[in-house]
Amino acid sequence: MDREAIIAASKKHDIVPGRVYKYGTAGFRMSADLLEGVTFRVGLLAALRTRKLNGQAIGVMITASHNPAADNGVKIVDPMGDMLEQEWEAYATNLVNAPSHEELVDYFIRLADTLKIDLTSSGKVIAGRDTRPSGITLVTALADSLAATNTTYTDYKILTTPQLHYLTRCINTAGTPGAYGEVSESGYYDKLIAAFYRSLRGRKVSGSLTVDCANGVGGPKLNELLKRHDPQTTGLQVKVVNDDVLRPEILNLDCGADFVKTRQRAPPNPKPAPGDRWCSLDGDADRLIYYWIDPEKGFFMLDGDRIATLAASFIADLSRSAGLNGQLRIGVIQTAYANGASTKYIEQHLQLPVVCTPTGVKHLHHAACSFDIGVYFEANGHGTVLFSPTAVQTFKTKEPQSPAQKDALDILSALADLINQTVGDAISDMLMVEVILAHKAWTMKDWASTYQDLPNRLVRVEVGNKDLFQTTDAERKLSHPIGCQDEIDKEVKKYTNARSFARASGTENACRVYAEAATRSEADELANKVAVTVK
Ligand code: 16G
Ligand code: ZN
């Protein structure tokens, strides 16, 4: 590798000095103006990562998801479509913060040496970006860094985040028994639509679904998918709204999954009518929130917890019907933000184990891998269902003892194709929800009445130094500052069915306080008291 070539390329894409950059839960994410040099350096890390993994393709996704339009971000996808291995996050941080071009290359070479990476071997990187215009400059920086390191590079241009994860896995499994799918965007649509038809097994979806696409990449991509879908066959009528990607400034503006979840209301425009079934995607289409307007009670949200309970109950029923009782371990993974009522429903009503992990998809994904079928969702709507190779094999090879068993096995097998196995995927999850509602013949009201959420409140607290707040027990308790947790416990004890925790945000310079209790006013009061304790 040519040291001078890397330095020359780096000079074209310098970082903005005087800042500390950190590879966080969503990679590097900040104002797009600050990201050109960061993206160049992420390219260098990807060049090392692919070589460390014997030339397997590494993905680079450029997106800031639900953040405002002026932001952007960059993150690395590992060969099977999962998040970058944790140990490498620190290498990314070190590379990006190198104080000069020379020190950057020194660190790059030293890292290759320490990790025993042969820089003369070949490497491969693929990239995708959301609809933010700033993505174009960032992709150029990435391309230059891959050229300077002689790394083969394919730019898949505009994609949803889950599509980039899908493609990465497809490339690395092509021609093997675990081949994930055709290596193309249309391969993704064809796989989903075929699996959607198979999962329904002749049942029909009833009523129409309006999809708010946050004016992001999910809009055009969902429209592409729908070109291959016949509403006559499945019964599913989709209305796509907020799919304007020509005015970048309206991305995530008063719409999208994050808006709906945090504001606990429907987008103001267009306005859902009573009885309507709606869902919202976020800016890169990896989060999904459902809602409907109950003609009597108004807006009702079905968030990640509801999607998890729906999926877990359906899949557990299917595996019983398939005669797989006790053969496959099914579990649900949540974070501390999951509503206590959902956890209770899963453990007591569905009789399934629940594992709680720290916030961030990589933690949930990892925990889900320890089950044969691991259902993981964050309350914010990011999640998926992972099927182990044993589970998939069982669905295919088990001899059905009755037509009902065959039905269940075929549906399970189709679901494993329908549900994105690499990462939470709003479009795939949406089709899954539609399949389940069709099989259960459930209306939104049926789904909404499975359990009653505990009233809850989330408060953002500005603190001097958020790093002082350290947690244990999957973020449910503060270990530092010393004594802070005792104070929180004291407050919690004063309320019925209450729970509260505080943690440092991984994406913003602030702390977050969550509280839930038996009544709305108690939840609010508790959240405010804990916020005062933390401040
Ligand atoms: C990131 C995470 C998301 C998490 C959120 C929490 C990924 C891909 N994304 O967006 O899962 O819910 O951070 O943000 O892992 P916070 O730490 O600011 O509360
Ligand atoms: Zn997202």
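**The zinc site**

Guide: The zinc ion (ligand 2) is coordinated by Ser-65 (OG), Asp-282 (OD), Asp-284 (OD) and Asp-286 (OD), at 2.0 to 2.2 Å. Donors here are N, O and S atoms within 2.8 Å of the metal (3.2 Å for Na, K and Ca); water is not among the atoms, so sites may look incomplete. This is a predicted model, in which local features need pLDDT of at least 70 and side-chain atom pairs count only at pLDDT 80 or more, while totals for chains, interfaces and linings use all residues. Side-chain values use heavy atoms, with hydrogens and water left out, and residues are numbered from 1 along each chain as its sequence is written.

Along the chain, the donors of the zinc ion (ligand 2) follow the spacing S-x216-D-x1-D-x1-D. The four donor atoms subtend angles of 85 to 175° around the zinc ion (ligand 2), which makes the arrangement irregular.

Buried means under 20% relative accessible area, exposed over 50%, and partly exposed in between (1.4 Å probe, protein chains only).

His-66 is partly exposed, with a relative accessible area of 21%. Leaving aside neighbours within four places in sequence, His-66 is in contact (heavy atoms within 4.5 Å) with residues including Asp-282, Gly-283 and Arg-287.

Methods. Chains are lettered from A and ligands numbered from 1 in the order in which they are written. Four donors count as tetrahedral if all angles lie between 85 and 135 degrees; four count as square planar and six as octahedral if opposite donors are over 155 degrees apart and all others between 65 and 115; anything else is irregular.
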